[in-house]
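Hi there,

Here is the structure I promised to pass on to you. Have a look at it first, and then read my notes below.

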Amino acid sequence: MPFYKVISLPKPLAIPTVDGAKRWWHRLTPHRQDRVAMLAPLAAVLLFFAAIVAALGYLRLEEMDREQEAVQRDVEYTQQRLRLRLLERQEQITRIARELANREIDANDFKARAANLLDQYPEVQAMAWVDEKKRTRASQGMGANTIGPYYIPGDVLLKQDRDTGYALTRQLNQLLYVQPPLAKDEAPLLQMFIPLNNKGRFSGVLITEYSIDGLYRYGIPSEVSARYAISLQDSTGRLLAGTSIPGRKLVSRFLPWANPGNEYSMPVSPVGSGLVIRAQAYRASLGVIGSGLFWLVSALSVMTAWMLIANWRHTRRRLQAQQALMSETNFRRAMENSMLTGMRAMDLQGRITYVNAAFCQMTGWTESNLVGRTAPFPYWPDSEREHVAARLEEELTGNATPGGIQVRVKRKDGSLFDARLYVSPLIDAMGTQTGWVTSMTDITEPNRVREQLTASHQRFTTVLEALDASISVAPLGSDELLFANKLYRQWFGVQAGGHLQLVAEAGMPNSPTNDDSDDSVDSFAGLPTTTLPDSDPESAEIFIEALGKWLEVRTRYLSWVDGRLAQMVIATDITTRRLAEEQAATQAERAQTASRLITMGEMASSVAHELNQPLTAINNYCNGMVSRIKDKQITEPDLLIALEKTAKQAQRAGQIIQRIRSFVKRSEPNRTLSEVSTMVAEAVELAEIELRRFNVRLNHYVAARIPQVMVDPILIEQVLVNLLRNAAESIDSALRQTSDRIVELRVLPKRIDDKPVVEFSVQDTGKGLAPEVMARLYEAFYSTKADGMGIGLSLCRSIVESHLGRMTAENIYNGDDVVGCRFSFWVPLNDTGTLTYSEPPAPQPNLG
């Protein structure tokens, strides 16, 4: 069976025929026929005039495009010429820079090469060789003075622009073009900075200055400058060299028949956007308005249009009333449709007579679905029909609330939204009420925002109420309490008395100065009345007897919601912390006393030996005197001498006991202005007992004229005794020879961190500290001694740091061998102390 394919031919174009035009004409009303008859010839004349102008304009645009392409080609050609010329100079000067960096030429050779370049190329007007110390080694064309073979350092870099380019080139370490700012009556320049690198090290800069006018004269082809106004400009469009055609006036610039100037600009490589070449074509064409055909067509068109308009004007007056009515109607309709508020009009029987576009958009129902409907309306929610019907009844009887009523409205898709309705009577032109007008506003989003704000306020209030700190806010100079949280109300009640008590006991201002004199000034004068910026709050610690608590009080000023300046007080219970601090201080004091007792316990045998000598002498003197008195062989002078020696030995024993007693007794820290030499003497006298036991010599030196220091002398003596004992034990454990068993104590004034201090140092000749010991040196209860408790050095550092000082330890090396250890600490001088220092003499040995 043959298969036939049906091919559909395209429909012919619907070209209007004469018969169709006639039928269209007869269907028009006479009014429209008159308007078409008047406006058609005018439209034909305007179309003819527009066609002629469009044709002339199209030809002119093509001509402008050709001119613009020609300008662009010539500018690109000129830019290439300038680029090649600059690159040739750059290559030559770079070669000189490479020879300077490699020290292949000296200053005289450079000057000769530079003079040759300046003579050969007019655009190069100056060159200078500056080394890494900004000294000008040689220059040509910069007017530098010379002294001997070298130039005065820094003479070429006197200008700020050269110095800036030098610094930038040294920082970037690459070739750099710089266009310096122009002073008044100064020719524009272009500076090239080439860094000099000798074996990877910066060794100076070669500066070359180009004359931009020279670049224009010798770099711009003459055939291009003859056709265009060529100019060299900077990145801001300022003219540096060449000529520029003034721009058109602002009025003629936007006229459609004005002849625009063809111009083109582009940056000059390798300089970059700092130097731009610009070409402007000379205006030789008359443009569209210079054509005679344009003026002929314009005149004929104007005459024809004027005659048609004159014939049409007498019909225009007949349409004015109708147009005014239509305009008013359209204006009112546009206002109603552009309103965001829904409008609904009902007659006295409750039938909808009008709804605007906003009402339809809100409900989703069209005007045809709503106009003419009576209750129940389709936008009433099914679950609230009785409530809404009651509201409608109130609306029809005129009992609507002036503030509006809030109802739920159902959209056509079934979704609900909150709306507020305002009802007012509908009065006609005769003053008779014909119905009711209702405006409806969607308040779903405001209700949501209001609920979120309420929830946020509740969360904020819950957090403040749950805080473990008392918070109160009161205006300055008033007894009103603006805010108080739960803890404040528990402590002080609901009055502002607690707030004022906290501020007063913390020593912070809470009201303006009351002074009746004319010269009195508010204590808060100068504080801003707008929102205060964030700042660190003031704080103080006070004790409230009524509560039996220590409170940390912090205050800050803030602007209240009504614009008043208020003061917020935050009081935190720190009673537990204060008790802990007091217990910690008590424990520290006990640890210090225990350390001194331990020290004296370890020195007990040495102290006993020290006391045994004067006691033995007293016994011998007493026995000798008794024997001689019994034998009657003693005279009165001999008896007095024996008694005096006995008294001296007893005094010596008493001094030893008194010094030990004052060292180990428990006392509160008492910082006083103390003499450094006295503290050192007391500590040395206590430590010498232990040093003699270990057969160790002590050399000590105290610099003269050291000012008094604000310290607790007993604690400082404790630190010195511990360090001297540790030094003696370190020497004894190292098994040093007798000649090497030496401990040096030196006290010198110094400056650390630009403040005067007194440094105490104890150096021994022991075996030093191992790295693992150095890492845990000040760790509590860590000791390298078999019977040590590990609290000595830890306590010593705590004592020094409590006096705002620092303690350090280091090994003493002789080559790679450790030959000793040095412990040092310093305490700051008081503000009144003056620091004097003299070179210490050789320490004198004290053999004890």
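Two strands are said to pair if DSSP finds at least two bridges between them. Helices (H or I, at least four residues) and strands (E, at least two) are DSSP runs, numbered from the N terminus. Please keep in mind that this is a predicted model, where local features need pLDDT of at least 70, side-chain atom pairs count only at pLDDT 80 or more, and totals for chains, interfaces and linings use all residues. Residues are numbered from 1 along each chain as its sequence is written, and side-chain values use heavy atoms, with hydrogens and water left out.

Let's start with the sheet. Five strands make up an open sheet, in the order S13-S12-S16-S15-S14, with antiparallel pairing. Strand S13 (352–355) and S14 are at the edges with a single partner strand each, so one side of each has no neighbour in the sheet.

Two of the pairings are worth a look on screen. S14 (residues 405–410) and S15 (residues 416–427) are joined by six antiparallel bridges, and Val-407 has Ala-419 in S15 as its bridge partner. These two strands form a hairpin with five residues between them, and Gly-414 in the turn has a positive phi of about 95°. S12 and S16 also pair in the antiparallel sense, over six bridges; there, Met-346 has Trp-436 in S16 as its bridge partner.

Next, helix H12 (residues 385–396). Just after H12, Gly-398 takes a positive phi of about 80°.

Finally, Gln-90 sits in helix H2 (residues 30–101). Gln-90 counts as buried because its relative accessibility is 18%. Leaving aside residues up to four places away in sequence, Gln-90 touches Leu-175, Tyr-177, Met-192, Tyr-210 and Pro-270.

Best wishes

Key
Buried means under 20% relative accessible area, exposed over 50%, partly exposed in between (1.4 Å probe, protein chains only). Contact means heavy atoms within 4.5 Å.
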